[in-house]
Amino acid sequence: MSTSGNEPQPSIVASPAIEAGKRVYIFDTTLRDGEQSPGASMTVNEKLEVADALVRLGVDIIEAGFPIASPGDLDAVRQIAERAKGVTVCGLARAVKIDVEASIEALRSAEEPRIHTFISSSPIHLQYQYRKDQDQIMEMAEAAIKQAARFTSNVEFSAMDATRSPKEYLVRMFTMAIRAGATTINVPDTVGYTTPDEMAALFRYLMENTPGGDRVIWSAHCHNDLGMATANALAAVQAGVRQVECTINGIGERAGNTALEEVVMALRTRRDAFGGLDTAIRTEHLVSTSRIVSGASSVVVQPNKAIVGANSFAHGSGIHQDGILKNQQTYEIMTPQSVGWERSAIVLTKHSGRHGFVGRLEQLGYTLTPEQAQSAYERFIALCDEKKHVSEDDIIALIENERTLPPEGYKLQQWHIDTGTGRATASVTVAIDGVEHRAEITAKGPVEALFGAIDEATDTRYKLASYIVDAVTSGIDAQATVRVRIIGEDGKVYGGQGLNTNILAGSAEAYIAAIARAARTTRTAHQAALA
Ligand code: KIV
Ligand code: ZN
């Protein structure tokens with residue numbers, strides 16, 4: 001049995017542009033598997049921002065989280081389900097009753113809800129983790145699928161560690177899963193162990209031997225432990241798989257997951273090699289989505305990362321530069337513009353006016369409130385005075401910063417640092433709800449002194465979880481994006497972002513933004529408890 005040519009359409013929003021039977025569905029798990037990357041946890045607002053970007057990008061399914069993991073995760077999935085339209089929203093659930101219940105709870109208001117339930121199938125997992133035999137595992141899976149199917153007709157089942165599992169057992173499991181109501185069958189290479197040939201052979205075997213296999217969408221979920229996640233996913237597609245599970249920038253557990261941008265651009269650029277298969281992704285949003293995810297997750301994109309890395313279209317050698325000048329195709333297999341680099345030759349200057357500035361932002365896919373647009377425009381004009389050349393990257397950074405501005409009421413009024421080898425003294429004045437608080441601290445370095453002075457002035461002592469500085473463009477006058485994460489009193493992570501041509505000013509902005517969020521949330525929770 002093969003799914004090509006006549007595969008069923010799951011109940012997800014279809015793209016009219018792709019020929020029937022040639023569609024590969026993109027299941028984005030940035031907000032679930034991606035968020036499991038060490039240090040990548042996101043605040044609810046950051047998750048909403050990522051979800052909006054994924055909708056704009058045109059993914060088919062958003063795996064919004066793992067609702068049973070915490071009340072915060074459940075809330076994030078619920079909010080995404082309420083807000084994301086024209087897309088399937090999915091919640092992950094172990095094959096246990098309370099997990100499926102939590103996903104149902106979170107997905108109630110989704111336009112098109114999907115429950116993704118999973119259980120292991122490999123001998124090593126069954127023996128050491130589950131301490132159950134194959135039949136007991138099958139019973140758990142069947143009960144969870146049936147429970148999910150009573151809520152939605154869109155149910156995905158995964159056999160975790162499938163690539164290290166006996167294939168006959170997988171056939172038994174998937175036969176049961178399809179009978180119980182699963183409409184998507186996912187085969188994860190959980191530990192990133194398999195090779196492209198093995199992956200393709202496994203899918204062919206499963207598709208040929210699983211009764212009912214022609215009625216479901218087959219899906220691949222690959223991890224990158226041996227650097228083969230994209231190759232394995234593409235081999236699966238060649239074998240008949242029509243859903244790829246992936247993340248933006250390839251973030252995810254350990255070495256990460258299949259990178260969405262790689263699969264999408266491989267299919268688009270090499271349609272010839274993949275029999276005309278394609279996705280509904282609006283590729284011109286890949287770079288901006290990558291930036292949003294990097295900002296929200298604090299996972300920096302390596303410069304040589306395919307498609308979205310800063311160097312992915314940079315030509316260093318003279319021979320290559322010469323070729324590019326003569327004909328772009330000499331050394332470029334896709335255009336930078338097609339994935340969202342250098343979107344326009346129109347240079348925005350302070351003479352462009354507010355109208356021109358906002359119009360360009362709309363073309364880039366950014367929708368700002370009138371207040372955000374005004375504030376972004378004022379910052380843009382100020383930047384034009386500071387920098388000789390304001391690039392589109394600068395403007396995008398400015399907008400993304402605008403969207404993550406801290407809650408009202410906290411403002412850095414003034415700061416000053418004296419520093420030299422091994423010693424720095426920082427003084428700051430922070431206004432909180434209009435009342436000024438001043439402090440001065442001496443420490444070993446300028447950032448430590450600055451953050452210490454801000455702690456003192458705001459009377460807070462949060463634990464710093466991460467501090468990342470990233471230059472937006474090259475050049476001595478480049479703006480720096482600074483991202484700070486702190487652990488709030490409630491144990492949650494609060495993030496703040498600063499953008500400035502002065503790294504220390506950007507650091508102070510970011511730190512105060514994080515403190516403001518943590519303090520405001522804690523205060524609101526406290527007030528709610530008193531009410
Ligand atoms: O890698 C994996 O096996 C998973 C499953 C939950 C699908 O992420
Ligand atoms: Zn995974």
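Residues are numbered from 1 along each chain as its sequence is written, chains are lettered from A and ligands numbered from 1 in the order in which they are written, and side-chain values use heavy atoms, with hydrogens and water left out.

**Stop 1: confidence**

Colour the chain by pLDDT, the predictor's confidence in each residue, from 0 to 100. The chain averages 89, and 92% of the residues score at least 70. Now select residues 1–16, where the pLDDT is below 50. In the model this stretch has 42 contacts beyond near neighbours in sequence, a contact being heavy atoms within 4.5 Å. Where pLDDT is low, the predicted coordinates should not be read in detail.

**Stop 2: the domains**

Next, give each domain its own colour: domain 1 (25–297), domain 2 (314–403) and domain 3 (410–530). These bounds come from an automatic or database domain assignment. The centres of domain 2 and domain 3, taken over C-alpha atoms, are separated by 28 Å. Where the two meet, twelve residues of domain 2 are in contact with eleven residues of domain 3.

**Stop 3**

Helices (H or I, at least four residues) and strands (E, at least two) are DSSP runs, numbered from the N terminus.

While you are in that loop, click on Thr 43, which also lies between strand 1 and helix 1. Thr 43 counts as buried, at 13% relative accessibility. Leaving aside neighbours within four places in sequence, Thr 43 is in contact with Val 493, Tyr 494 and Gly 495.

**Stop 4: salt bridges**

A salt bridge is a side-chain nitrogen of Lys or Arg within 4 Å of a carboxyl oxygen of Asp or Glu. How many does the structure hold? There are 25 salt bridges.

Show Glu 63 and Arg 32, whose closest N and O atoms are 2.9 Å apart in a salt bridge. Glu 63 lies in strand 2 (residues 61–65) and Arg 32 in the loop between strand 1 and helix 1, so the pair ties together parts that are 31 residues apart in sequence. Glu 63 is buried at 0% relative accessibility, and Arg 32 is buried at 9%.

Then move to Asp 272 and Arg 270, which meet in a salt bridge of 3.1 Å, N to O. Asp 272 is exposed, with a relative accessible area of 59%, whereas Arg 270 is partly exposed, at 43%. To see a network of salt bridges, select Asp 75, Arg 78, Glu 105 and Arg 108.

**Stop 5: the nonpolar cores**

A nonpolar core is a set of buried Ala, Val, Leu, Ile, Met, Phe, Trp, Tyr and Cys residues joined through side-chain atoms within 4.5 Å. Select Phe 157, Phe 203 and Trp 218: of the 95 residues in the largest core, these touch the most other members. Helix 6 (residues 167–180) gives the most to this core, with nine residues. Domain 1 and domain 2 both give residues to the core, so it lies between them. Apart from it lies another core, of 29 residues, including Ala 424, Val 428, Ile 454 and Ala 508.

**Last stop: Glu 509**

Finish in helix 16 (residues 503–530), where you will find Glu 509. Glu 509 is partly exposed, at 24% relative accessibility. Not counting residues up to four places away in sequence, Glu 509 touches Arg 379, Gln 497, Gly 498, Leu 499 and Asn 500.

Note on methods: Predicted model: local features only at pLDDT ≥ 70, side-chain atom pairs only at ≥ 80, totals over all residues. Buried < 20%, exposed > 50% of the residue type's maximum accessible area, 1.4 Å probe, protein only.
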